[in-house]
Amino acid sequence: MIENKFDAIVVGAGPAGTSAALVMAQSGLNVALVERGDFPGSKNVMGGQIYSKSLNEIVPEFWKEAPLERVVAEKRFWFLSKDSKVSVAHKTPKFAQPPYNSCTVLRAKFDKWFVGKAIEKGAFYIPETLVEDVIRDNKGRIIGVKTGRAEGELYAPVVVAADGVNSLLSKAAGFHPELSPENVALAVKEIIAMPRNRIQDLFDLEGEQGCTIEIAGEITKGMVGVGFIYTNKTTLSVGVGCILSDWVNYKMSPYDLIEEMKNHPVVKPLLEGGQIREYLAHLIPEGGYNAMPLLVSDGFLVAGDAGMMVNGLHQEGSNLAMTSGKMAAETIIEAHKKGDFSARCLSLYKRKLDESYVIKDLKKYRNSYAYLEGNRQLLTTYPEIINNAATEFLTVDGVPKWEKQKKIFRSTLKKRNLWGLIKDAYSAWRAFG
Amino acid sequence: MKIVVCIKQVPDTTDVKIDPVTNTLVREGVPSIPNPYDMHALEMALQIKDKYGADVIAVSMGPPQAIDVLKKAVSLGADEAILLTDRVFAGADTWATSYALAGAIAKLNPDLVMCGKQAIDGDTAQVGPGIATRLGLTQLTYVVNFKNVDVEKKEIVVERKLEEGPETVAARLPALLTVLKEANEIRYASLPNLIKSVKLEPQVWDNKVLGLDPDLLGLKGSPTQVVKIFSPPLREGGKLISASEEEIVKIVDQLMPQIRSEASCAI
């Protein structure tokens, strides 16, 4: 008789699921981690940053062993007009010292390592297996899952759905309605190979340090979204993501948009000579707090992307996933002590999330997307205004600076009137402040 | 009935590149997979097991990480797995490999030995026949189908795919089969077998278990020397000649002697 009973089942070996499995295994629970991909990370896509704080709480001093690409020592933000950029950057030694702030990673390598850590702690990893449905007892409580394999039932008093943005499992369990195009972003990304010393030179990097560049403005053509360039050891992660409904309404193809971005006069020189290694595309749950599904029921918890836990404005997702996975695990460990897996007992998970940055941040930005969708001038007119202003102000042409300022103000008002500017400032403060 | 399936771990050649400077395989970062032909041999063994009942034993010779191919075999339904691993086995060519495998198989005394037609890394197709010769097994190469296996009568009937066409042969057991890809579709592992494979601790046999002559094993026992490895030159497209029917006859007559002389030079 083959054992198919566990203390907990985690579905999906991404940051959320692996964190949950690792923490539970560490405390001695017999936990199954079920993944549909060929290997951990084979189905997983993200921009390419993991954040230290959340991972360090799960694997202390992870940087000593994890396959990291670069430590992000500098964060750059670009506002692009058609041919110009205004950039803001922050670099600090604090980011470059343990425990660091964030690191770039390639998921195929990182996820293999992370799942390896969970296995090391005793998690039972079941690869290449699609979980299709939950199994309920006669009282409707979830007591296991059904996989796509022959004799494919697994049983446990509690199941964690960490199966990503398009969570089949929470859909099957009736938690998750179909995602609406307003609540997800479609991101495309290329991994571009480039010799290490060329990356060092082009991006002005020291040693193992790296930088991230977030790009707003012209490149998204008014769609709500951002582009990015992250430096890895010998590759760059280059991509752009926009709200799915915008791709549809603007009739843009992701492939065309990323090509245009790569050919933008400011971006192009940074990519010259690079060779495309991979092309990836993925959905990002950007619905935020307002679109979050139910996260807890009898014998069932939802974590990470499956629970819409992404802070798109700050490019944070993997950290919310890891933290929610860890909190799900801590809740289940408690539940095992009490032998109670009811929604009431498991709602500890929701309380933990509410008290943490996860829900606090998602609440803070709950209206930000709707706001941006209603104020597209922020994405189009403003980058143009600030670029024009910069060009004007920095051009040395014998015009007195005082006159230049007046000229800038006049041309700004042509693009957006005073009332509009005040309104934008106020509503931006309301949405992001 | 006892069936031994030989499975080799190979680099995924869809990813393999040859370093143009050193003319050696670039193996760095190339994932390892079970040799695809061997998986079709395993599938045939499992189909024989499904039909007649059998113990299927997967055997692989290689470094400790070759356990992955044995796990794969167990996930699909192999009953046992044996890993032949020992420093003295390392660096073996087909001659020394077949010696080591034959030594292990002799201890198992199976009714059937199943191998893939060839491995996709070396492409020699010599190890299977080598084992058969060493153990005096009936050798059946290029098998695409089994029609009947009768252990009592010690007889097997298989279909072979040959250049001249299919051939159905009856042969005596014990026999060694080498199997083609078109033989079958590989099954999807059941969950209990998959769980069994995750937990698998294969039997590990080193030369203390086999007791073979170390001078005939591994690099020492390998007479093959690789003189040169190179990428074959890309084939150029043929020349197209368009002409009327009568002209073509003439052109062909003109060209044939030239083509013949070029061909004989190439040989």
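**View 1. Where chain A meets chain B in this predicted model.** Let's start at the place where the two chains touch: eleven residues of chain A are in contact with nine residues of chain B. On the chain A side, the biggest contribution comes from strand β7 (residues 124-126), which supplies three residues.

**View 2. An open sheet of three strands in chain A.** Follow the strands across and you will read the order β8-β9-β10, with antiparallel pairing. The strands β8 (131-136) and β10 (153-155) of chain A stand at the edges with a single partner strand each, so one side of each has no neighbour in the sheet. From one strand to the next, the twist averages 30°.

**View 3. A closer look at the pairing of β9 and β10 in chain A.** Strand β9 covers residues 142-147 of chain A, and three bridges join β9 to β10(A) in the antiparallel sense. Can you find A:Gly144 here? Its bridge partner is A:Tyr155, which belongs to β10(A).

**View 4. Helix α2 of chain B, a mostly covered helix.** This helix spans residues 67-76 of chain B, and eight of its ten residues are buried. Which residues of α2(B) are buried? They are B:Val69, B:Leu70, B:Lys71, B:Lys72, B:Ala73, B:Val74, B:Ser75 and B:Leu76. As a handy reminder, an α-helix has 3.6 residues a turn, so residues three or four places apart point the same way. After α2(B) comes B:Gly77, with a positive phi near 135°.

Definitions and conventions:
Residues are numbered from 1 along each chain as its sequence is written. Chains are lettered from A and ligands numbered from 1 in the order in which they are written. This is a predicted model: local features need pLDDT of at least 70, side-chain atom pairs count only at pLDDT 80 or more; totals for chains, interfaces and linings use all residues. Two strands pair if DSSP finds at least two bridges between them. Helices (H or I, at least four residues) and strands (E, at least two) are DSSP runs, numbered from the N terminus. Axes are lines fitted to C-alpha atoms, for helices over the stretch in contact, and angles run from 0 to 180 degrees between N-to-C directions. Two residues are in contact if their C-beta atoms, placed from the backbone, lie within 7 Å. A residue is buried if 20 or more other C-beta atoms lie within 10 Å of its own, exposed if 12 or fewer, and partly exposed in between; C-beta atoms are placed from the backbone.
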